[in-house]
Amino acid sequence: GGGSTNSAETAPQATAAQLNPNADLAKQSLMVTVWDGYTPKELQDMVKKELKISKLDITIHDTNETAMTKLTTGGDSGIDVAFVSGQYAQALNEQNLLEPIHAELIPNLSNLYPEATQLSYDKGNKYSVPYTWGTTGICYRSDLVKTPPTSWNDLLKPPAWAEKKVTLMTTERWLALPALKSLGYSVNTAKDDEIAKAKELLLAAKPHLLAFDDTTFGDRLIKGEALMVEAWDGWCPTTDAKQNIKFAVPKEGSDLWVDTMVILKSSKNKEAAHAFINYILDPEVHRWAAENINYKVPNKAAMDKVKIAPGSLLGIKPAQLLDGEAIFDLGQASTKFTRLSSEIQAD
Amino acid sequence: MLKIDGVTRRFGEVTALDGVSLEIGQGEFFALLGPSGCGKTTLLRIIAGFETPDSGTVTLDGEDLLGKQPNRRPISLMFQSYALFPHMTVAKNIAYGLEREKLSRQEIKQRVGEVLETVGLTAHAGRKPQHLSGGQRQRVALARSIVKRPRLLLLDEPLSALDKKVRADMQLELKRLQNEVGITFVVVTHDQEEAMSLADRIAVFDHGVVRQVDEPVTLYERPHTRFVADFVGANNLFEGALAAEDTLATEDFGALRGRPLRALRTGSKALLGVRPERVRLGAAAATGGGLKGSVLDVSFYGGISHISVSVPGRLKPVLVAVQGASEVKPGAEVTLDWRTDDAVIIPVDQ
Amino acid sequence: MLKIDGVTRRFGEVTALDGVSLEIGQGEFFALLGPSGCGKTTLLRIIAGFETPDSGTVTLDGEDLLGKQPNRRPISLMFQSYALFPHMTVAKNIAYGLEREKLSRQEIKQRVGEVLETVGLTAHAGRKPQHLSGGQRQRVALARSIVKRPRLLLLDEPLSALDKKVRADMQLELKRLQNEVGITFVVVTHDQEEAMSLADRIAVFDHGVVRQVDEPVTLYERPHTRFVADFVGANNLFEGALAAEDTLATEDFGALRGRPLRALRTGSKALLGVRPERVRLGAAAATGGGLKGSVLDVSFYGGISHISVSVPGRLKPVLVAVQGASEVKPGAEVTLDWRTDDAVIIPVDQ
Amino acid sequence: MRRSRLLYVPFWATYVFLYAPIVVLVVMSFNSGESAYTYEGFSLKWYADLAADERIMDGLINTLIVATGSTVIATVLGTLLAVGLARHTRSKTLDAVALVPAVLPDLVLAIGLLLFYGMIQLTLGLYSVILAHGVFAMAFVAAVVRTRLSGADASLEEASRDLGAGPVTTFRKVTLPQLAPGIVAGALLAFTLSLDEFVIAFFTIGNSEQTLPIVIYSMIRFGVTPKINALAAVLLLVSFTAVIVGQRMTKIGESRAQD
Amino acid sequence: MKVSIEARPVSPSRGRRLGAFVFLAPGLTYLIVLLLVPLALVLSYTVFQRGRFGGVVYEFTGENFARLFDPLYLSVLGTSLKIAGLATLIALLLGYPTAYLIAQLPRKWKTIALVAIVLPFWTNFIIRAYAWIILLSGPGLVNSGLQALGLEPVELLYNEGAVVTGLLYSYLPLMVLPLYAAIEKLDPQLREASANLGASAFTTFRKVTLPLTVPGVMTGCLFVFVPSFGNFVIPEILGGGKTAMVGNLIRTEFLKARDWPFGSTLALALIAVLLVLLLAQAWVARRA
Ligand SMILES: Nc1ncnc2c1ncn2[C@@H]1O[C@H](COP(=O)(O)OP(=O)(O)OP(=O)(O)O)[C@@H](O)[C@H]1O
Ligand SMILES: Nc1ncnc2c1ncn2[C@@H]1O[C@H](COP(=O)(O)OP(=O)(O)OP(=O)(O)O)[C@@H](O)[C@H]1O
Ligand SMILES: NCCCCNCCCN
Ligand SMILES: [Mg+2]
Ligand SMILES: [Mg+2]
């Protein structure tokens, strides 16, 4: 594991607090914000028992955006650990809100795949620790499609039998992804002409879509309302017993996304926070999490133990994932994607 | 024309109308008179269609009225509480009914102008009702209902808020409408003089029951019942039994003279009524069959003076009316008498 | 007691009150009389505190009233529109003012009971105002303001919706309150008989101006101005110029006899007024200085008959009042005259 | 007076429109299948599921606390404000200010309050939501009450003053009862809006609490389950019961007040 | 009772100032602290710039306002006006007769009918929106019904019509309640007078009831239009993310682009549009 904490590249240097490895955790409590259903239910009790901290509160956010709002607005949010996607961790760090990771307090970092410590948004895990990772592809009804999709164009220019039976995601970076990839561009492009071309493609696609959706696409497939959807692997219900649902990464390539854990600089329980992350990275714990939430974890020790259910996408290997392009925050240029998504909607 | 037959209306335990039957002729000026709360407004509201009787029928020229929507009845009602539209000017309020008849703008304007002139509110045409005085509002309400020239006009206390002068003008106007336009009127009024002078016939109500329907002079001079005798105009009533054809025997005042209204058996209970203006006032010394009493109070009412005379054996003083200011003073001893023709003997309804 | 000084109130272009000054004494029964829209209600509202004069002062026993909140003035106003609380029963409406004085429940109950008895609504104590007839509502409003026994009671047309009997009872009650409780009254009424018989003094208003303040008989018999002569009671007016001490020279009727109200220069313009009940009606053949005319109309008003006689040279017919039903018939030729003392000569205000 | 029969068309249309989806929700809550769309048979399993869901139950309680608290604030302050605006000032500016929360997108108010709470270093909790909901709820109460007040008969208030009541007593005894239907409608509106409010609650609630809309919003993003239908059915049942009990209580109260 | 008589202006006096204070102070204080100050904070952002990674940096710029006039934002504004206007209009057409009839029901039924209007709203707006999906979607109830009748299924969901339906469903009670409050207080004698003067029920409605309840209509329209105009959840759920309204833009700027300055500027624009509408409405009301 990459334990170095002091070699910053692009990010402003954060100053590390002095932490006491022998702090009495019983005097500390934790508030963690995470997506609903993204940690197993029993985690709360187990953490308290294992770490002997006085209290663990788990609060829920529904999207990265709302987590960002909670963390960046106003005064002390009271949150110690937040689960956010990689590019948002990057943005938080840019705003100097994150505590550098004290690798010495997280011995389990060594369980991570080496690849997972060198991701573009945070090389060397200076301020974030990956929790899950995956890619984006096409999730489809193998029993209803005439031909299985292989290209993003199958979504963007759906064949007649899929007319109004496909969905794309609404969150702007993933909205743009199919178009950018089918045009052969980078998902992290900031070039106006490339974004303009992607827009044209998406505008042409809009009349043929059922909807823009990044939360209930799995449901729609199960009901048969949609036949092909843009999906994150973890949410593609390939294990659903009743329907034949499959997942494909289009030939033009896709992304690599990472959901991470970060520690807030404002936290007063930093030792407990590190202990919490360390506990998650325990192979047994992380394995159990993966099996329960159906997302792959970047923890080699854990993945080696994972029981993979038939049809599950947990079997995708890190090497395959690394074919994807990691999404990172574009700073000022990210507003171009906002505009793109507004233009698509308003059309 | 208008025929009301056995109409009854109850509100909870209150019986506002109790089997009322009336017939009102084409072009008649008909007045409803009766104590406060006796059911006058209720009757008008039934005719206009805002209240449904519990039983009974109402027909207009033989046609059933009760089944008709209020707006399809050729009837105008002036509400006792005016019910002016607060969001419309005086002129708009008045024009409202005409506009419903789809008259030309020209004609509406002209007729509104005329009626405004009639009620003396030309200067107020553009004002909203809330900026008018009480009497002005009443005149707007009146104007609004007469401007339609309906076949039947129901007026609920139309002039109660007006001073004598304006009231006289309005009365003239109502008479004119009756005579020239041939409108039939049913008017509620508590003002007896008004009823007497305007109406062709008057119905006297009491507790939802019609007591008597007659022409004014008949009603005044030949009341059928104690209630009517007492209610219509001032009256001095004496109880007793018929002694001879022209004589009522009373316990306290001996025999009193008067003319029976209808043939009565001697000995049957009856009431003698004599109007204040028929009572003659004499000096105490005067001999003869008069009642003796002493003057209690003299009050001056414009053109006439009312003298109340306390007569031993009577709770209520006897009222005497004389023209102009009177010379008698309170405390004076006087005798009272009247001509036999000036008093009526009324059978007592048992 | 109550002193009103130079009070003026304008609403836009309308001047509702124009420099009104009045003084009303302790325990007095004071009436305001005047045509509809002349400013009576406005004056009461100013005294009660719901309207502020544009200029002028109002004091009660020397103390400035205008600065005081309405609820701190020892004054009750009975509203012309009643303003009953629709969500309270009759009893609650009446008790409202007493509750504000923090009287004991016991006492409130008793006093409400008494006043309900007085206005004849004991049976209606538990009803809501919207379930009452017009006259019943008016009596509730009256009861509500008299039950407080304020020092000053302002009544705006308190009896206009009541029939004669109830009205007489109420008048007696008001008089009793004045005499026994010593309340001072300011009453607006359009009913001249009422004003005449109840009031100690009457102020006659016209277009926001006080025309004359006097005792009833004086007002009736000695009107200062043409307006008052014409407005108060029925009158027959003749224009002309003073010819001699007791004679008015008119263009169309020659010399007419009457007594001037005050010393007048011969030749100055004046008006002769003679009341209908003072006019003597003679047969046409009768000789002497009377006016000649023909009977236009005879109408019967309860106790008296009004005869209108058209006299050549006059637009308005001359009114004659006689007691009882009259024997003259329309069309009859008659002569009219009066005693010199029965007519007044009024200087014409230029 | 008879009413036009035509009026009943939109009247019933309104109720059908309002209740059709509700009926669907309730029927589907008894679905034995997993699908929210096709009814497969009768089952109460979703109710059992619901009862076991602590988050939903906690959310429900929090929501009721918030709605009650903010309705009380809004009703009291909103009514006072409406009367003040209608009777005690002619200021158009104040009128406008009172309407702002009603014309402001939730999101802007939410962000503004979040910034403001941050600025004064307020630790968020349920009460911060109550205060926040109070803002828009008050505007709604004030607007409804004002509507009723406009054109109300001012002479009643004068009569009360004349009978010796001060402004406060007049308000309590005469104005308030006259306004009652408006106030009830306003309070009902405030309560309803607060029960359902999501955005503002989301931003101003403490991190350890959730209101029901927040719970549902996060649950539903991952697909509709009939458990949610069961929740809707239970909420309806509770509301119905509350209304009927309330109705009974007022009736008892009234019959007592008769004597 | 006589009309709504003697509503003469209360003339100013000393006690009125105290009354004004007692009635106005609590509410206004509340609004100043919890509305105006927060709003000022947000609006002050309109002149600043977005930070590189979101939020705000305190450097002045006029760019945010310039951006507003981009045809993109103008077209979204147009769509929002159209959708919110339609929802408001239908709400009024359904809500007025409903409120009118509720107001004439006997007391007991009145309460029940009124509560029945708000009852559905004591569930949850998202659940209700999903109920519409069940009804309208491709395999949903309406289409199943159509198919059972042998008709072609129709596209009901994920279009502007569905958004209007959803908004209407969400805000209909906000129309009915103020209308009810306004209609209920009308003196029934005014309607009687109108009928007596020959007006049909409809004319009475048009000439008497409606004009006298204009304040209620205005309030109701405001209550429906405003939250519809600024809505973003319903367009998202029922519009399938294919329809953008101003609310979506603001939401996007605040939450996704984390461009608070521009988000605030959009919010300001939204408030400005509403203000213009309010003023226009007031002007029309005064002329009428
Ligand atoms: N609020 C107001 N705005 C404008 N004008 C008004 C207002 N109130 C009264 N007026 C006008 O002022 C004048 C006096 O009104 P006031 O109510 O005092 O009359 P009044 O003598 O009581 O008449 P009435 O006997 O008809 O009740 C009238 O011409 C009336 O139209
Ligand atoms: N809506 C109602 N509910 C209950 N009782 C009523 C209602 N309307 C009238 N009443 C009662 O019915 C009786 C008759 O009322 P109505 O209004 O017809 O009297 P009225 O003869 O017009 O009296 P007034 O001369 O005082 O106006 C009264 O006792 C009244 O209290
Ligand atoms: N149920 C947990 C949802 C987590 C969603 N992760 C989104 C990944 C895209 N960054
Ligand atoms: Mg009546
Ligand atoms: Mg008046």
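Mentor: Let's start with a definition: buried means under 20% relative accessible area, exposed over 50%, and partly exposed in between, with a 1.4 Å probe and protein chains only. Keep in mind that this is a predicted model, where local features need pLDDT of at least 70, side-chain atom pairs count only at pLDDT 80 or more, and totals for chains, interfaces and linings use all residues. Residues are numbered from 1 along each chain as its sequence is written, chains are lettered from A and ligands numbered from 1 in the order in which they are written, and side-chain values use heavy atoms, with hydrogens and water left out.

Trainee: Why is Thr41(C) called buried?
Mentor: Its relative accessibility is 10%, and the limit is under 20%, so Thr41(C) counts as buried.

Trainee: And why does Gln80(C) count as buried?
Mentor: Gln80(C) has 12% relative accessibility, so it counts as buried too.

Trainee: How do you know which polar contacts ligand 1 makes?
Mentor: For a ligand, a polar contact is a pair of N or O atoms within 3.5 Å. A backbone N or O atom of Gly135(B) is 2.5 Å from a ligand 1 oxygen, and a side-chain N or O atom of Thr41(C) is also 2.5 Å from an oxygen of this ligand. Gln80(C) brings a polar side-chain atom to 3.0 Å from a ligand 1 oxygen. Each of these pairs therefore qualifies as a polar contact. Ligand 1 itself lies between chains B, C and E.

Trainee: What makes Ser85(A) and Asp259(A) polar contacts of ligand 3?
Mentor: A polar side-chain atom of Ser85(A) is 2.8 Å from a nitrogen of ligand 3, and one of Asp259(A) is 3.0 Å from a nitrogen of this ligand. Both distances fall inside the limit, so both count.

How values were computed
A residue is near a molecule or strand if one of its heavy atoms lies within 4 Å of it. A polar contact is a pair of N or O atoms within 3.5 Å; within protein, one must be able to donate a hydrogen and the other to accept it, and residues adjacent in sequence count only if both atoms are side-chain atoms.
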